[in-house]
Amino acid sequence: MSALPSPDDRAVIHLNAVEALVLYDLLARWTAHGSERPPHPVPPECFESSGEVGVLVRLLGRLESQLVSPFADNYFEFVDNARKTLEEQVGDMKLLSCD
C-alpha cells in the first residue's frame with residue numbers, strides 16, 4: 001500500500017494560456033472573487049467539504065498571480081475568444097447536475 005499524499009508533496013498541472021484564462025474566469029465567477037456575490041454560484045451540495053472549496057480558491061490565486069489578461073482593459077474580449085477556441089477543440093460538452 002502506498003502512503004497518503006502530504007501537503008509537502010507536489011502535483012504539477014500544465015495548462016496553456018487559453019485554458020488557464022478560461023479556468024481563471026470560471027473560478028472567479030464561482031467564488032465571487034472581487035465582488036460581493038458570485039454571478040454563477042455553485043450549489044453547496046456540489047462540494048463534500050470546505051477543503052474542496054479551499055483548493056479552488058487557492059488555484060484561483062495561483063492563476064491570478066501568473067496571468068496578465070485579468071488586468072487588461074479588454075479582459076472580457078480575451079475570455080470570449082479563449083472560450084471559443086476551447087469550444088472548437090472540445091465540442092459541445094455538458095456536465096451533470098450536482099443534485
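Colleague: Among contacts in the chain between residues at least 6 apart in sequence, what share joins residues at least 24 apart?
Modeller: That share is 71%, where a contact means heavy atoms within 4.5 Å. Keep in mind that this is a predicted model: local features need pLDDT of at least 70, side-chain atom pairs count only at pLDDT 80 or more, and totals for chains, interfaces and linings use all residues. Numbering starts from 1 along each chain as its sequence is written, and side-chain values use heavy atoms, leaving out hydrogens and water.

Colleague: How many helices and strands does the chain have?
Modeller: Three helices and zero strands, in the order α-α-α from the N terminus on.

Colleague: How do you know that the span of α1 agrees with its 15 residues?
Modeller: The expected span of a helix is 1.5 Å times one less than its number of residues. For α1 that should come to 21 Å, and its end C-alpha atoms are 21 Å apart, so the two agree. α3 passes as well: its 16 residues should span 22 Å, and the ends are 22 Å apart.

Colleague: Why is L15 called partly exposed?
Modeller: Buried means under 20% relative accessible area and exposed means over 50%, with partly exposed in between (1.4 Å probe, protein chains only). L15 has 40%, so it is partly exposed. L15 sits in the segment before α1 and touches A20, L23 and L63, not counting residues up to four places away in sequence.

Colleague: Which residues of α1 are buried?
Modeller: A20, L21, Y24, D25, L27 and A28. They pack against α2 and α3. Across the 99 residues of the chain, 17% are buried.

Colleague: What volume does the largest pocket have?
Modeller: About 890 Å³. A pocket is an open set of points on a 1 Å grid over the protein atoms alone, where a 1.4 Å probe fits and protein lies on both sides within 12 Å along at least five of seven lines; lining residues have an atom within 4 Å of a point. The volume is the space filled by probe spheres set on the points, which are joined across faces, edges and corners.

Colleague: Which residues lie nearest the centre of the largest pocket?
Modeller: A11, I13, V55, L59 and R62, out of 22 lining residues. α2 gives the largest share of the lining, eight residues.

Colleague: Which residues lie nearest the centre of the second largest pocket?
Modeller: V22, L26, E87, V90 and M93, among 13 lining residues. This pocket has a volume of about 590 Å³, and α1 and α3 each supply at least two residues of its lining.

Note on methods:
Helix = DSSP H or I, 4+ residues; strand = E, 2+ residues; numbered from the N terminus.
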